[in-house]
Amino acid sequence: MARSVTINPPKMCQPMGAILAYMGVHGCVPLVHGSQGCSTYPRYNIARHFRESAEVAVSSLAEDAAVYGGARNLTEAIKNVKSRLDPALIGICTTCMSETIGDDVKLISKKAIAPNDTMRIIPASTPSYVGTHLTGYDNAMRALVETLALKGEPNNKINIITGIINPGDIREIKNMLRIMNVRNIFLSDISETLDTPIMPGGHRPLLPDGGTEPSDIIDSANSLGTIAICRTAGSAATYLQNKFKVSALLAPAPIGVANTDKFVRNISMLSGALIPDEIKKDRGRLIDCMVDVHHYMYGRKVAIFGDPDLVSAIVRFCAEAGMNPTVAMTATKHKDFAPDIKAVNTEYKTDTQILEGTDLYEFQKVVETQGAELILGNSKGKDVADDVGVPLVRFGFPVYDRVGVYRYSIMGYNGSIYLLDLMTNAILGHNYDPDKLHQ
Ligand code: SF4
């Protein structure tokens, strides 16, 4: 019988993603134009995953706003944020309620500040009855670039749109660019704002240090090109290409050998930088790691769920490592997801089942049919893994039942080594028949 409810969907609403995009900009305060719960829910997830508190403002819409509109609340919220935190930017994201009311956020926010105010307001439309957290991230990032980017002198830099990845991933990608000596602008950068060091001397700024400087977002129109690490976050890259002729490269996420090779080649192509030995050695270590664990991992059935760019990249990596990816599932539909998995199936003679736009109830049913010795996904998959009786290797967002996952990278050659070690140790640490571990 057809189901008319969703059960345990591994996705969140648009403001969640928009807030993460805004939190990667230095001096930017996210402002949710909606009811209190629409900001509590993202803040709760940020606190659980990153173990950091997040300054997220809210216009606190209540019943009267549904009748009279939310202009008064939004105006007051903007003035409160300005007087308390004096941010460089306020990034507004709308919600189910403010979109249904039909508030003209651009007009309201324009009227809320003086014409000569240096504080900029970024209005992003993020209605949560369509799309997911990834749509919200994409919409907010595009709004940032559309509002701020300006043509100027060429800057010889490469823009990197991160999408929703962890601070550890951003640090690893930065490390690769540093080794390749490539100047860059990250759009945006949560590596410090959501992984904040405690510094000596009682340094406690009102808003966290780090994040992309607004001046760098302005300058993103003058870069050599833009690489979107997650294609779901690619519309700002397309905007920069159409408006300022900054080449956009929307390639698979750099996880595993082939995808990281592609990423390195794209960096090299855009910047003209040669690929240094240090990068080649990291690649060699990844290959060595795959050889070292091959007898443990060959043919292992693995089921993967999460955001589409990460899932399709991990499916490819598992196939590269000789494993057998049986199920690939994402709650966010994206045009590249199924073709990515089908390409892996053709290349590696695998038979990965593709589940798109569905939930973990469906995922579990297919996993029980197709088999899995290991599940990869976020914390929402814990019950599925427990029911099926296999280990869960946690990646993505949110991970709230383990600490520190956000600190480490699963990207680039080094991050892929870490991910493969995690998978192998999960298999070795589980109560499988030792005779079947090919020792
Ligand atoms: S789904 Fe809508 S009502 Fe619920 S938290 Fe998100 S924006 Fe608010």
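Is Met 290 buried or exposed? At 11% relative accessibility, Met 290 counts as buried, where buried means under 20% relative accessible area, exposed over 50% and partly exposed in between, with a 1.4 Å probe and protein chains only.

## Basis of the model

This is a predicted model, in which local features need pLDDT of at least 70 and side-chain atom pairs count only at pLDDT 80 or more, while totals for chains, interfaces and linings use all residues. Residues are numbered from 1 along each chain as its sequence is written, and side-chain values use heavy atoms, with hydrogens and water left out.

## Overall form

The chain has 17 helices and 13 strands; helices (H or I, at least four residues) and strands (E, at least two) are DSSP runs numbered from the N terminus. Along its principal axes the C-alpha trace spans about 70 × 55 × 45 Å. For 439 residues, a compact globule would have a radius of gyration near 22 Å, and the chain agrees with its 22 Å; this radius is taken over C-alpha atoms, and the globule rule is 2.2 Å times the number of residues to the power 0.38.

Buried residues make up 58% of the 439 residues. The chain exposes about 18,700 Å², of which carbon and sulfur atoms supply 51%, with accessible areas taken from the Shrake-Rupley method with a 1.4 Å probe and, for residues, only the protein chains shown counted as cover. Among contacts (heavy atoms within 4.5 Å) between residues at least 6 apart in sequence, 75% join residues at least 24 apart.

Within H15, the residues Leu 360, Phe 363, Gln 364, Val 366 and Val 367 are buried. The buried residues of H15 pack against strands S9 (301-305), S10 (324-330), S11 (353-356) and S12 (374-377), and also against helix H16 (382-388). An α-helix has 3.6 residues a turn, so residues three or four places apart point the same way. Tyr 361 is also found in H15 (residues 360-370), but Tyr 361 is partly exposed, with a relative accessible area of 37%. Together with Val 5 and Ile 7, Tyr 361 makes a nonpolar surface patch of about 250 Å²; patches consist of residues with over 30% relative accessible area and no salt bridge, like charges being joined within 9 Å and nonpolar side chains (Val, Leu, Ile, Met, Phe, Trp, Tyr) within 5 Å. Just after H15, Gly 371 takes a positive phi of about 90°.

## Salt bridges

The structure holds 20 salt bridges, each a side-chain nitrogen of Lys or Arg within 4 Å of a carboxyl oxygen of Asp or Glu. One of them joins the side chains of Arg 3 and Asp 359, at 2.7 Å from N to O. Arg 3 lies in the segment before helix H1 (14-23) and Asp 359 in the loop between S11 and H15, so the pair ties together parts that are 356 residues apart in sequence. Arg 3 counts as partly exposed at 34% relative accessibility, whereas Asp 359 counts as buried at 3%.

Another salt bridge is formed by Asp 336 and Lys 335 (3.3 Å, N to O). Asp 336 counts as buried at 18% relative accessibility, and Lys 335 as exposed at 66%.

Met 290 is found in helix H12 (residues 277-297). Beyond its neighbours within four places in sequence, Met 290 is in contact with Val 257, Phe 317, Glu 320, Ala 321 and Leu 420. Met 290 and Lys 82 are 208 residues apart in sequence and 52 Å apart in space, C-alpha to C-alpha.

Ser 268 lies in helix H11 (residues 257-271) and is buried, with a relative accessible area of 18%. Not counting residues up to four places away in sequence, Ser 268 touches Met 180, Ala 273 and Ile 275.
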